[in-house]
Amino acid sequence: MVVIAIFIVNSFASPYFLDAWNLSDATFNFTEKALIAFAMALVIISGEIDLSVAAIIALASTAMGYAAQFGAGTPELVAVGLGVGLLCGAFNGFLITGMGLPSIVVTIGTMSLFRGLSYVILGDKAFNGYPSDFAYFGQGYVFWVISFEFVLFAVMAVLFGILLHLTSFGRMVYAVGNNAMAARFSGIRVGRVKFLLFLMTGVMSGMAAICLTSRLGSTRPSIAFGWELEIVTMVVLGGINILGGAGTIIGVVLAAFIMGLVTFGFGLMNVPGIVMSIFIGLLLIGVIALPVLYTRLRRRFRREQVQ
Amino acid sequence: MMARIFKHREVLLFVAILLLVGAIALRFPGFVAPRNLVSIYNDTAILIILALGQAAVILSRGIDLSIAANLALSGTIAALLNVAFPDLPVIFLLMAAVVSGSVLGAINGLLVWRLSIPPIVVTLGTMTIYRGTIFLLTGGAWVNAHEMTDAFKAVPRAVVFGVPVLAWFSLGVIALMLVLFVKTRLGRAFYAVGGNPHAAVYTGISVGRTHFFAYLIAGALAGLAGYLWTARYAVAYVDIANGFELDVVAACVIGGISIAGGAGTAIGAVLGALFLGIIKNALPVIDVSPFWQMAISGTVIIIAVAVNARSARVKGRVILKKRSMRYECQRSAPCARPTAWPGLPDGEKLGEPADRGGDRDLHRQQLRLALFP
C-alpha cells in the first residue's frame with residue numbers, strides 16, 4: 001500500500017519519475033543494502049543483531065582492491081570478496097556463539113576492528129585499478145533496464161524467502177528468536193543456527209561489497225559508512241520484530257522498495273539526502289508506534305462505549 | 001585480599017591504564033609530563049561526560065544511539081543562538097544547550113516509556129531525525145569560528161588552576177554522577193531496573209519512569225557536551241561527532257558496564273573513556289599511524305566484553321552446555337544414547353540404547369566405565 005502510494009505521489013510530483021531508466025537507476029539505491037538486509041532479517045529474527053556489516057563491506061572491498069593490485073582477475077576478486085565476508089562472519093559467529101558474548105557489543109567491536117583494518121591497509125589512499133569486466137556486477141544490465149544488481153536482489157529475495165518460510169532451518173530461526181532456551185530443549189542447536197546466520201550475513205556483506213566496489217570502481221576505507229544503521233532501519237521497517245521471533249522476507253522487500261523509492265523520489269524533487277533521513281527516521285518510529293497507539297485508542301473507545 | 005581487589009573490573013582496568021601509560025613513558029618520558037597528561041584528559045573530557053550519560057541508560061537496560069546526534073544538534077543550537085544574538089551571555093547559551101539536550105533526551109525517554117518501543121529502534125530513528133534537524137536549521141552551512149563570539153569560544157579553553165574549564169566540567173559531571181549512581185534513589189533504581197525489571201516493579205519502582213529519567217540525564221549531558229564541543233572546536237555543522245555514539249558505547253563496555261543492564265559503575269565508565277582517550281593520544285607519540293586507532297579500539301572492545309562475560313555468566317547456560325554427553329538429538333526421534341565410545345575395542349557396545357525414560361544412573365555408570373576404564 002505504502003509503496004503504491006509513494007509511487008503515485010512521486011509520479012505526480014516529478015514527471016521524470018516514471019522513466020524506465022530512472023527507475024532502474026533508482027534500484028541501485030537499495031539493492032546492495034537489501035542484499036544484506038535479507039540476511040540481517042534472519043539474524044534479528046533469531047534475536048541477535050549484526051552492526052559490523054558495513055565494516056565487512058569496507059574490509060572485503062579493501063581486500064579486493066589489494067588483490068586487484070596483484071593482477072587478480074574478476075573470478076579471483078569475487079572469491080576474495082565472498083571469502084573475506086565469510087571469514088568476518090565466522091569471526092563474529094565464533095565470538096557470539098562460541099564464547100557466548102552479546103552480539104550488539106561484539107559487532108560494535110568488530111565493526112571498528114574490520115573498518116580499522118581497512119584504514120590500516122589503505123590509510124588515506126584509495127584502490128581503483130579494477131579489471132574492466134569487474135564492472136559488470138555493479139554497472140551491467142541483464143537485459144534492457146534490468147540491472148544485474150536488481151536480478152541478484154530478486155534472486156536473493158526469493159532464496160531467503162524460501163529459506164525462512166519453507167525450510168526447517170527457517171522454523172528453527174523463529175524458534176530460536178522466540179525462546180532460545182525452549183528451542184535448545186527441543187533439540188535445536190541454537191549456537192549452530194546463530195553461527196550459520198552470522199556466516200550468512202558475512203557472505204551477503206561480501207556480495208554487497210562486490211556490487212558496491214564494482215559500481216563505484218574504487219575503494220576507500222570510508223566506503224559504505226553508516227550503512228549498518230540504514231540496513232537495520234530497513235529490516236525494522238519491514239516489520240521484523242527487533243526483539244526477535246517475528247517478521248517476513250516480503251516485508252523487507254517492501255521496505256527496501258519504500259526506502260529506495262522515497263530516496264529517489266525526494267532526490268528528483270531536489271530534497272537533500274539528509275532530509276530524507278529525517279523522513280526515514282520518522283517512518284521507523286511511526287511504523288512501530290502507530291499500531292501501539294491504535295490499539296490503545298481502540299481500547300479507550302471501547303471502554304467509553306461500555307460505559 | 002589482593003585477589004579480592006583484583007576481582008573488581010575497575011581496579012583491573014586502572015592497572016591496565018597505568019601499565020599502558022608506564023610502558024609509553026619508559027620510551028617517551030615526555031608523555032607523562034603533567035602538561036601532557038592534562039591535555040590528554042582534556043581531550044577525553046567530552047567522551048567522559050557522554051559515557052556517564054550513556055552509563056545511566058545502559059545500566060537501566062537501554063541504549064542511546066542518538067547521543068552523538070543530540071550533542072551535534074544541541075551544540076548547533078547554542079552556536080546559532082550565539083551567531084544570532086551575540087550579546088547573550090554564554091551561561092545562557094550553555095543553559096540553552098542543556099535544555100535542548102534534555103528535551104531531545106526526553107523525547108527518547110517518552111517513546112521508550114509511553115509507547116514501549118525498543119530503545120535501539122527509538123534512538124536509531126531519533127539519531128537520523130536529530131541530525132536531519134541540524135540540516136534544517138543550518139541549511140547545510142557551517143557555523144564557522146569567525147561568526148562565533150570570542151566569549152563563546154573562550155569558556156572551555158579558559159584555564160583555572162592549571163586545568164582547562166572543559167576538564168573541570170567533566171570532573172564536575174563525574175562527581176555528580178558518582179553521587180547519583182551510588183547515593184540517590186534514582187541511581188539505585190537504574191541498577192534495579194536493569195538487573196531485573198520484574199523484581200523492580202514489585203519493589204515499587206516504575207520501570208518506564210526510570211527509563212525516562214535515564215534518557216533525560218543522558219540527553220542533558222549530551223546537550224552540555226554539545227556546547228563544549230562546538231565551543232572548543234569552534235565549528236558547528238551537520239556531521240560533528242558523527243559516529244561518536246559508538247565510541248561512547250565502547251567506553252562503557254570497556255569500563256565494565258554490562259550491556260544487559262544492572263552491572264557497572266560510574267568510575268568504570270570514566271576509566272573506559274580514559275583508556276580510549278589514552279590510546280588515541282599515545283599512537284602518534286609512539287609513532288604508530290593514527291589509522292591503527294580504530295582497529296585497536298575494536299580489539300579492546302572485544303577483549304573487554306569477553307572479560308566481562310567471563311565474570312558474569314548466565315547460570316541457565318550450564319544446563320544447556322553438556323556437550324560432553326554428545327547426545328545426537330533429532331527433532332522427531334527421541335534422544336539416542338551413546339552406544340560406542342573411543343575407549344572400547346571395535347564392535348563392542350555398551351548395551352542397548354535406552355529410550356527417553358531409561359535408567360539414568362545405569363547410563364551414567366556406563367559412561368564412567370567407558371571414559372575411565
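Helices (H or I, at least four residues) and strands (E, at least two) are taken here as DSSP runs, numbered from the N terminus. The model is a predicted one, in which local features need pLDDT of at least 70 and side-chain atom pairs count only at pLDDT 80 or more, while totals for chains, interfaces and linings use all residues. Residues are numbered from 1 along each chain as its sequence is written, and chains are lettered from A, with ligands numbered from 1, in the order in which they are written.

Chain A holds 13 helices and two strands, and chain B holds 16 helices and two strands. A residue is called buried if 20 or more other C-beta atoms lie within 10 Å of its own, exposed if 12 or fewer, and partly exposed in between, with C-beta atoms placed from the backbone. On that scale, 50% of the 307 residues in chain A are buried, and in chain B the figure is 45% of 373 residues. Two residues are in contact if their C-beta atoms, placed from the backbone, lie within 7 Å. Counting contacts in chain A between residues at least 6 apart in sequence, 78% join residues at least 24 apart; the corresponding value for chain B is 75%.

The chains meet through 42 residues of chain A and 45 residues of chain B. On the chain A side, the elements that give two or more residues are α5 (103-122), α9 (180-185), α11 (227-237) and α13 (273-306). The largest share, 14 residues, comes from α5(A). For the classes used here, Ala, Val, Leu, Ile, Met, Phe, Trp, Tyr, Cys and Pro count as nonpolar, Asp, Glu, Lys and Arg as charged, and the others, Gly among them, as polar.

Two packed helices are described by the angle between their axes and the distance between the axes. Axes are lines fitted to C-alpha atoms, for helices over the stretch in contact, and angles run from 0 to 180 degrees between N-to-C directions. Helix α3 (residues 53-69) of chain A packs against α5(A) at an angle of about 25°, with the axes 8 Å apart. This makes α3(A) roughly parallel to α5(A), a label given to angles under 35 degrees, with those over 145 roughly antiparallel, 65 to 115 roughly perpendicular and the rest oblique. The crossing of α3(A) past α5(A) is left-handed; a crossing is left-handed if the near helix is turned anticlockwise from the far one by less than a right angle, and right-handed if clockwise. Residues making this contact include A55(A), L59(A) and Y66(A) of α3(A), and F114(A), R115(A) and L122(A) of α5(A). By class, the contact has ten nonpolar, three polar and one charged residues.

Among the residues involved are I40(B), D43(B) and L47(B) of α3(B), together with A269(B), G272(B) and N281(B) of α13(B). This contact has 13 nonpolar, four polar and one charged residues. In the loop between α3 (34-59) and α4 (67-84) of chain B lies R61(B). R61(B) has a positive phi of about 70° although it is not a glycine, and R61(B) counts as buried because 22 C-beta neighbours lie inside 10 Å.

Attention now turns to α11(B). Its 27 residues should span 39 Å at 1.5 Å a residue, and the end C-alpha atoms are 38 Å apart, which agrees; the expected span is 1.5 Å times one less than the number of residues. Of these 27 residues, 23 are buried, so α11(B) is largely enclosed by the rest of the structure. Helix α11(B) is followed by A234(B), whose phi is positive, near 55°. A234(B) sits in the loop between α11 (207-233) and α12 (244-254) of chain B and is partly exposed, with 18 other C-beta atoms within 10 Å.

A145(B) lies between α6 (119-138) and α7 (150-157) of chain B and is partly exposed, with 13 other C-beta atoms within 10 Å. Leaving aside neighbours within four places in sequence, A145(B) is in contact with K153(B), A234(B) and V235(B). A145(B) and A231(B) are 86 residues apart in sequence, with their C-alpha atoms 8.7 Å apart in space.
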